[in-house]
Amino acid sequence: VDITGTGASSKVTATLPSGESVEVLLYGATVTSWKSNGGKTENLWLSDKAALDGSKPVRGGIPVVFPVFGPPPKSGHATSTLAQHGFARGSRWEFLGKSTSEDALDSSSVKLDFGLYSSGISEEARKAWPLDFGLVYSVTLSKDSLQTMINVCNEGESSFEFQFLLHTYLKVKDISKVAINGLLGVEYVDKVLNASTHSQTDKSVTITGEVDRVYSKIPQNTTTVVEDGSPRFDVVRDNLQDTVVWNPWTEKAAAMGDFSPDSGFKEMVCVEVGAVNGWQKLEKGEVFEGGQTIKSLL
Ligand code: BG6
């Protein structure tokens, strides 16, 4: 495990003996690279113009969304004055350390832990959400998978409510050949169609224009990204019931200053697991744990 860079651009890199690697920026505890296949295949899309200096949340990789998903409720909720997607993706986390394990099949894994506490967020965020919390985010690299798990603890005297999501940008070769399976029959809110509610009636979600859908209460844990007829990624939810599928397509991609190249939307799809339908409530001292395992099936 190497720690390189200084200040907001510090990052932690871990490599397995077999060549697979992961890179995590302390800013946002954002995973910015995950290579499998002996280190030959990058699985995450990262914009060429992503800010990696802590000046704004990273466009790409796996930003951590907490304690609110999307624009917060306009009023009447404790998160109402927070920024879109909350403060976790824009805060500098602490590196808590690594642990490694080796199993009988000679395949090893490395786990990196990151922490963020009420005392570590900006004054502005603290004012907007003055609640005492502790987050531990664990990133575990194995030969063919990456697991990212959050542990949220209410360290205050009263209860609080939050949402959580892993805004994963998966890298694909050609979006026109991508199908997303595992959502059949699931209800979703279509943010492109005025937040109307629909039910997924096709076996596969294909992407031929802007897509921004929030699938909720998904019964099956695995969402599979198929590319050119072959399974490319399994995204396995752990204690999370919702998944956002997002692709900005031509116009929205061009409108984002940090999205590059303009045609990059053809090489990415966001499959974002989370708890974003309503709120998760934690009483004093309670803990919530949830996350994902992404398997690279190449
Ligand atoms: C997705 C949302 O999760 O994130 C989209 O569903 C949003 O509505 C997208 O546009 C990107 O958000 P941001 O804040 O990173 O530009």
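Q: What makes strand 13 and strand 16 a pair?
A: The model is a predicted one. Three bridges join strand 13 (residues 178-181) to strand 16, and pairing requires at least two bridges; therefore the two strands count as paired. They run antiparallel.

Q: Why are strand 7 and strand 16 called edge strands?
A: Strand 7 (94-102) and strand 16 (204-206) each pair on one side only. They belong to an open sheet of nine strands in the order 7-8-9-10-22-19-18-13-16, with antiparallel pairing. Neighbouring strands of this sheet are turned by 20° against each other on average, direction ignored.

Q: How do you know that strand 8 pairs with strand 7 and with strand 9?
A: The criterion is at least two bridges. Strand 7 and strand 8 (residues 108-117) pair over eight bridges in the antiparallel sense, and Thr 100 has Val 110 as its bridge partner in strand 8. Eight bridges also join strand 8 to strand 9 (residues 133-141), again antiparallel; there, Lys 111 has Thr 140 as its bridge partner in strand 9. Both pairings therefore meet the criterion of at least two bridges.

Q: Why is Trp 34 called buried?
A: A residue is buried if 20 or more other C-beta atoms lie within 10 Å of its own. Trp 34 has 26 C-beta neighbours inside 10 Å, so Trp 34 counts as buried. Its place is in strand 4 (residues 30-36). Leaving aside neighbours within four places in sequence, Trp 34 is in contact with Val 22, Asn 43, Leu 44 and Leu 146.

Q: What makes Leu 135 stand out in the largest nonpolar core?
A: Leu 135 is among the residues with the most contacts inside this core of 78 residues, together with Val 24, Leu 170 and Val 245. The largest share of the core, eight residues, comes from strand 21 (residues 268-282). Beyond four places in sequence, the residues that Leu 135 touches include Phe 66, Ala 88, Leu 116, Ile 150 and Val 152.

Q: What makes up the shell around the ligand, by class?
A: The shell has two nonpolar, four polar and three charged residues. The surrounding residues are Gly 70, Gln 84, His 85, His 167, Lys 191, Asp 212, Val 244, Trp 246 and Glu 272. Val and Trp count as nonpolar, and Asp, Glu and Lys as charged; therefore Val 244 and Trp 246 are the nonpolar members, and Lys 191, Asp 212 and Glu 272 the charged ones.

Methods:
Residues numbered from 1 in each chain as written. Predicted model: local features only at pLDDT ≥ 70, side-chain atom pairs only at ≥ 80, totals over all residues. Near = placed C-beta within 6 Å. Helix = DSSP H or I, 4+ residues; strand = E, 2+ residues; numbered from the N terminus. Axes fitted to C-alpha atoms, helices over the stretch in contact; angles between N-to-C directions. Core = buried A, V, L, I, M, F, W, Y, C linked by C-beta atoms within 7 Å. Buried ≥ 20, exposed ≤ 12 C-beta atoms within 10 Å, placed from the backbone. Contact = placed C-beta atoms within 7 Å.
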